[in-house]
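Here's a quick briefing to read with the model open beside you. Follow along in the viewer and check each point as you go.

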Amino acid sequence: MPKDMDAYKNKMALVETIDPEIDKPVFRRPGFEGVKTLGEIDERIAAFIRKAREDKDLTRAELAPLLGLSMQVYGRYERAFSKMHVTRMIHLCEILGFMPMEMLFSAAPHLWGRTPEEARDTMELAQQVVSLPHGTKRDLLALVKKMVALERAADGAAAETPKDEEGRI
């Protein structure tokens with residue numbers, strides 16, 4: 001049975017768009033400032049890694065050998081000239097000490113929430129959780145699981161509650 005792709009696109013809030021790097025239309029989820037091109041996303045990633053390097057007070061010449069690259073090749077990432085593979089991103093995380101979610105957030109914050117405020121709050125919460133000791137994370141996870149179960153139960157009960165013609169309980 002074929003999937004209803006229109007329903008899927010609507011559910012995921014995908015819109016058809018043209019990107020100069022792709023020779024046919026693609027579907028993307030708009031960010032808070034509309035649909036960014038892949039090139040614009042690459043530029044945001046480049047700016048993030050440049051700042052992460054500078055925050056560690058490293059030059060390109062110092063960082064590149066740690067990655068097994070020449071300074072010129074590494075510089076292409078910071079200028080958004082070369083696209084970064086996930087494996088290179090992981091390597092940069094190890095060397096510069098940031099979490100992958102931080103780089104992705106800098107490029108596509110709309111993936112973390114429906115509004116800029118919600119996205120920032122989600123990111124801050126994730127960063128705070130990462131910094132907790134393991135035992136505290138375990139306790140927090142158990143608490144959050146209970147909260148989610150209660151929320152789902154409440155949502156299910158609300159959906160089953162009979163309402164009058166005007167939507168009142």
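In this predicted model, the buried side of helix H2 is made up of Gly39, Ile41, Asp42, Ile45, Ala46, Phe48, Ile49, Ala52 and Arg53. These buried residues pack against strand S2 (26-28) and helices H3 (60-66), H4 (71-78), H5 (86-96) and H6 (100-107).

**Helix H2**

- H2 covers residues 38-55, and at 1.5 Å a residue its 18 residues should span 26 Å; the C-alpha atoms at its ends are 26 Å apart, so the two agree.
- Just past the end of H2, aspartate 57 has a positive phi of about 55°.

- Setting aside neighbours up to four places away in sequence, the contacts of arginine 53 are Leu58, Thr59, Arg60, Leu63, Tyr74, Glu78 and Leu96.

**Salt bridges**

- How many salt bridges does the structure hold? There are ten, and a few of them are worth a look here.
- Which residues join up in a salt-bridge network? They are Arg53, Glu54, Arg60 and Glu78.
- Within that set, arginine 60 and glutamate 78 form a salt bridge with their closest N and O atoms 3.0 Å apart. This pair connects distant parts of the chain, with arginine 60 in helix H3 and glutamate 78 in helix H4, 18 residues apart.
- Another salt bridge joins glutamate 33 to arginine 44, where the closest N and O atoms are 2.9 Å apart. Glutamate 33 is in the loop between S2 and H2 while arginine 44 is in helix H2, so this pair ties together parts eleven residues apart in sequence.
- Glutamate 33 is exposed, with 58% relative accessible area, and arginine 44 is partly exposed at 26%.
- Over in helix H1 (residues 5-11), lysine 9 and aspartate 6 are three residues apart, so about one helical turn separates them. Their side chains meet in a salt bridge at 3.5 Å, N to O.

**Glutamate 102**

- Glutamate 102 is found in helix H6 and counts as partly exposed, with 23% relative accessibility.
- What does glutamate 102 touch, beyond residues up to four places away in sequence? Its contacts are Phe48, Met123 and Gln127. Phe48 is also one of the buried residues of H2.
- Glutamate 102 and glutamine 128 are 26 residues apart along the chain, and their C-alpha atoms are separated by 12 Å.

**Positive phi in two alanines**

- Most residues other than glycine have a negative phi, which makes the next two worth checking in the viewer.
- Alanine 13 has phi near 60°, a positive value in a residue that isn't glycine. You'll find alanine 13 in the loop between H1 and strand S1 (15-17), where it is partly exposed at 41% relative accessibility.
- Alanine 80 also has a positive phi, about 60°, although it is not a glycine. Alanine 80 is in the loop between H4 and H5 and is partly exposed, with a relative accessible area of 25%.

**A nonpolar surface patch**

- Leu143, Val144, Met147 and Val148 make up a nonpolar patch on the surface, and together they have about 330 Å² of accessible area.
- Of these, valine 144 lies in helix H8 (residues 134-160) and is partly exposed, with a relative accessible area of 37%.

Definitions and conventions. Residues numbered from 1 in each chain as written. Predicted model: local features only at pLDDT ≥ 70, side-chain atom pairs only at ≥ 80, totals over all residues. Heavy atoms only, no water. Helix = DSSP H or I, 4+ residues; strand = E, 2+ residues; numbered from the N terminus. Expected span 1.5 Å × (residues − 1). Buried < 20%, exposed > 50% of the residue type's maximum accessible area, 1.4 Å probe, protein only. Contact = heavy atoms within 4.5 Å. Patch = residues over 30% accessible without salt bridge, like charges linked within 9 Å, V, L, I, M, F, W, Y side chains within 5 Å. Areas by Shrake-Rupley, 256 points an atom, 1.4 Å probe, with all protein chains shown as cover. Salt bridge = Lys/Arg side-chain N within 4 Å of Asp/Glu carboxyl O.
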